[in-house]
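Here's a quick briefing to read alongside the model. Have the sequence and the 3D view open as you go.

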Amino acid sequence: MAEFAVATALGSVQIALAAVQTIITFHSSNDQPDLQNEIRGLERWLGTMKAFIEDNDGRDGSRTLQDHMEKVRDIAYDIEDVLDECVLHSPPYTFHNHRITRMLHNFAHNVHHGFPLREISEKIANINRSIKDIQSQRVAFPDSYSSSRPSSSSRTRVQHQVSPLLLDDEMVGYEEPKKKFISRLVDGQKGQVRLAVVGPGGSGKTTFVKNVFWKRGIWGKFDCHAWVHVSQHFNVEELFINMLKQLCYSRKEPYPIDDSLSTLEKLQNHLGGKRYLVVLDDIWRKEHWDEIKNAFPVNVFLGCRIVVTTTSSTVASVCASSSDLVYSLKGLEWLEGWKLFCRNAFPDSNGECPSELKDSSVKIVKRCEGLPFAIVAVGGALAQKARLPNEWEKFHNSLGYEMGSGSKLSVISNVLLPGYMDLSSNLKSCFLYFSIFPEDYSVKRGRLIRLWVAERFATATEEKTAEEIAEDYLDELIHRNLVHVSNWDFDGRPRSIRVLNLVLKFIIKKCKDANFASIFRRANTSQSQKIRRLSIHNECAHLPQNSDFHGVRSMFLLGAFIESSLPDFEGILRKSKLQRVLDLQEAPLTEISEDITSLTLLRYLSLRDTKITKIPSSIKKLSYLETLDLRQTDITELPKEISYLHNLRHLFAYKYNVINFVVFDSVQGVKIPGEISNLINLQDLSLVMVDSKGRILKHLKKLSQLRKLGLTGLLREHGEAMSASIEQMKNIRTLDLCSASKAEYLEVREMTNPPHTLQRLYLKGRLRELPRWICSLNNLLRIGLKWSKMKKSPLPALASLPNLVQLQLVDCYIGEELIFEADCFKKLKNLEIEEFSKLHTIVIQNGAMPELKEISLRKCPQLRMFPLGINNLAKIEELTLYDMAQELVARLRRNSEDGVIVRQIPVIHSFTLNNGCWSFENLSDSFSS
């Protein structure tokens with residue numbers, strides 16, 4: 001429980017030391033306390049405690065040890081507070097160019113901050129006294145703290161769980177993957193074939209395999225067989241011995257006794273020339289597979305099978321012979337889960353749910369989100385309860401709290417705990433961060449990445465930025481099946497992420513134990529400990545005044561925050577001067593108060609979807625700010641003081657105003673009147689309104705770290721300066737350029753060295769022709785050409801882009817025909833064609849767009865027949881029409897003569913705009929019968 005506090009405090013040491021050095025240089029007086037040595041002393045103690053925590057990782061420990069850990073945690077938080085106060089009182093980034101005003105500012109800072117700096121030294125002395133107190137306690141009771149490194153068997157904290165499903169003869173659900181799995185086990189293919197079953201904890205992987213493995217008709221087809229549980233911390237010698245014993249037993253043979261051979265050699269000899277079936281249950285790392293795999297001879301003329309179960313997608317892909325031999329179990333379908341629940345909750349009534357319990361039961365099963373282990377555990381617990389609706393409703397409401405130690409549902413926590421304990425400290429912090437968000441809440445990938453960076457969970461290395469490290473952390477959590485991807489992007493990246501509901505309950509309990517985050521759901525929520533991260537949900541109308549908010553580092557307002565709560569909120573801001581993260585997305589704010597711009601240490605500020613109209617000049621005081629999110633606000637101009645935010649990495653400021661369709665003027669950018677060339681850390685800048693003289697275009701040359709850039713208001717005469725700046729952007733990934741009006745030409749000049757790092761390119765405005773350099777962008781994943789009105793079709797030029805997955809064409813071509821030639825657009829998955837006033841024919845030649853999944857046709861009034869060759873698209877999943885000709889829509893209705901052409905498309909939807917209202921027609925039903 002002290003792990004996160006110690007890690008966070010250690011992460012603040014170097015920043016504080018740098019701040020103290022600035023203080024010493026800034027203050028001419030020699031009576032300043034020797035803060036640097038005092039801080040280094042705290043750093044040494046934190047390092048010792050970090051090692052102590054690592055040595056005791058995996059031990060439940062005595063109550064004395066737990067009490068010691070709690071005190072270490074509290075002291076570490078106090079140290080973090082002191083270190084941040086050093087930074088708070090250090091001289092700020094200088095805003096004054098004039099020498100006299102700078103001297104006056106420095107004098108005022110000296111007067112105001114001199115006394116707090118002396119206070120910091122006194123606080124460090126108090127901390128050292130607390131450290132001595134717990135050290136003396138440790139000396140007085142040495143037996144309570146004695147620790148040897150936990151054995152491999154004890155470090156898992158929990159015994160290997162045997163799924164209750166194993167008591168049944170047959171497993172519920174997963175019928176289709178089970179048929180394929182059995183087929184590959186016994187298909188007679190020669191040589192060694194490796195299959196992998198992967199899924200989150202509790203998804204039924206072990207049950208899935210075991211219900212196949214123990215069928216006599218399966219293992220009877222092999223000469224010998226064994227089932228070995230691997231686990232997180234295994235001894236390879238013990239594993240080989242166990243495996244060999246099982247293999248011998250399956251053939252009724254004695255265990256080989258030959259002291260001249262190692263166990264590995266005995267195992268290899270035994271398996272040689274035999275058709276074997278071995279299951280390796282619960283492999284955690286690919287390194288574990290590397291240790292084990294040499295035991296298995298290939299036996300090329302025999303059909304040998306190895307089956308691996310794992311929670312890691314990475315391990316599954318390494319162990320399996322090919323990707324089609326990876327079986328991913330994400331959870332049961334609703335009806336399967338309901339059947340499993342009823343079987344366990346109502347065993348004495350043949351699995352029939354009483355009508356009076358139906359509503360509560362449905363809600364309970366939904367909370368389990370298809371995880372068989374959770375469904376069985378919940379059903380078994382309810383089988384022991386009185387069958388009264390109020391009792392079952394009470395159980396539903398307290399479901400997360402029923403997972404504690406000693407309860408009937410503690411088995412769920414035990415399933416999740418090993419995966420959690422296997423994470424590094426930084427990964428644990430990232431995982432626990434999902435506790436901030438409410439149940440069923442999906443958080444956008446970019447938002448999560450920037451929050452983790454602001455919290456310093458991810459820090460830069462020589463090779464990667466902090467954001468790239470955070471991306472790696474997210475990928476790791478996804479591959480471990482600890483978090484769930486709600487939506488995937490076309491380019492294969494997760495768009496939004498959440499954790500399953502029962503996993504969220506597990507996380508919240510861990511957060512409470514470690515004082516990692518405090519969740520305020522209701523007005524009567526109380527918190528006795530110091531609050532570090534505060535998440536206020538929409539049911540909390542008023543914030544409690546008896547809680548300690550002075551140490552708050554992060555604050556979130558999530559949901560429909562009530563305006564009457566604003567005084568409470570502003571009171572917290574005045575108390576919590578050490579905040580790093582302030583996420584006010586969708587809060588009913590109309591202006592930014594001085595309480596916000598006084599949060600000097602703020603690194604992340606989101607005002608997205610608020611009602612603010614102006615950013616005050618006092619924003620300059622937030623000199624540590626890294627992320628400023630102003631999307632969907634009414635801000636049209638930023639103050640020139642924005643240029644003082646020299647640590648700024650992400651600046652988002654635009655608003656979409658969409659009524660029925662996205663039109664040219666749907667998006668609104670912001671003006672930046674000041675100099676921005678000193679914002680050299682900027683990675684994201686969108687959407688900037690370029691002034692008529694194009695001054696900002698010259699500043700962009702110095703922003704070498706830009707990954708995303710959005711510009712609007714571009715004029716023809718800006719072309720040369722804009723192109724010259726873009727050519728200097730060696731890290732750019734996303735480029736969005738929009739002309740000043742629909743009639744204005746977007747002059748994108750030819751480039752000798754175009755940015756080959758580009759992955760997303762959006763050009764909005766008139767084009768004489770498609771710039772030739774675009775065809776050389778081999779990393780391009782998405783391109784949007786909008787309102788270009790070119791006379792020549794762009795398709796031949798774009799067709800050879802090797803990695804293009806999305807193509808958006810909006811009024812970009814004034815011709816009557818679009819032809820997608822054979823063997824082109826090899827990886828395209830999404831195609832959007834919109835607002836082509838003269839287009840009457842689309843031709844898809846055989847072999848074109850072989851991976852295409854979605855087509856969207858919008859406002860093309862002359863297009864009255866299907867794209868010719870649409871029946872050649874083998875992987876098409878969805879066709880959507882928006883305000884298309886009724887003649888085309890009629891061809892998709894039941895009994896139409898052309899229906900056979902699109903019969904293979906699972907989803908066909910049509911939306912028609914009438915008098916400002918959309919009408920919807922599900923044309924998929926036309927072919928369902």
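Predicted model: local features only at pLDDT ≥ 70, side-chain atom pairs only at ≥ 80, totals over all residues.

Of the chain's 929 residues, 54% count as buried. Among contacts with a separation of 6 or more, 63% are between residues 24 or more positions apart.

**Surface**
- The protein chain exposes about 40500 Å² of accessible surface, and carbon and sulfur atoms own 49% of that.
- Phe301 sits in the loop that runs between helix 11 (286-292) and strand 4 (303-310).
- Phe301 counts as exposed because its relative accessibility is 72%, and the cut-off for that label is over 50%.

**Aromatic rings**
- There are 26 aromatic pairs in the structure.
- One of them is Phe661 with Trp918, an edge-to-face pair with 5.2 Å from centre to centre and 70 degrees between the planes.
- Phe661 is in the loop between strand 16 (655-656) and strand 17 (667-668) while Trp918 belongs to strand 30 (residues 917-922), so this pair ties together parts 257 residues apart in sequence.
- Phe661 is buried at 11% relative accessible area, whereas Trp918 is partly exposed at 32%.
- Elsewhere, ring pairs join Tyr433, Phe437, Tyr441, Phe457, Phe516 and Phe556 into a cluster.

**Charges over rings**
- Phe516, one of the rings in that cluster, has the charged end of Arg533 sitting over it, 4.2 Å from the ring centre.
- Arg275 does likewise with Phe222, lying over the ring face at 4.8 Å from the centre.

- As background, most peptide bonds are trans, and most residues other than glycine have a negative phi.
- Ser686 and Leu687 are joined by a cis peptide bond with omega at about 15 degrees, and Leu687 is part of strand 18 (residues 684-689).
- Arg456 isn't a glycine, yet its phi is positive, near 65 degrees.
- You'll find Arg456 in the loop between helix 19 (445-454) and helix 20 (466-479), where it is partly exposed with a relative accessible area of 31%.
- Gln632 also has a positive phi without being a glycine, at about 55 degrees.
- The loop between strand 14 (627-629) and strand 15 (650-652) holds Gln632, which is partly exposed at 24% relative accessible area.

Note on methods:
Residues numbered from 1 in each chain as written. Heavy atoms only, no water. Helix = DSSP H or I, 4+ residues; strand = E, 2+ residues; numbered from the N terminus. Buried < 20%, exposed > 50% of the residue type's maximum accessible area, 1.4 Å probe, protein only. Phe/Tyr/Trp six-rings, centres within 6.5 Å; stacked < 30°, edge-to-face > 60°. Lys NZ or Arg CZ within 6 Å of the ring centre and 35° of its normal. Contact = heavy atoms within 4.5 Å. Areas by Shrake-Rupley, 256 points an atom, 1.4 Å probe, with all protein chains shown as cover.
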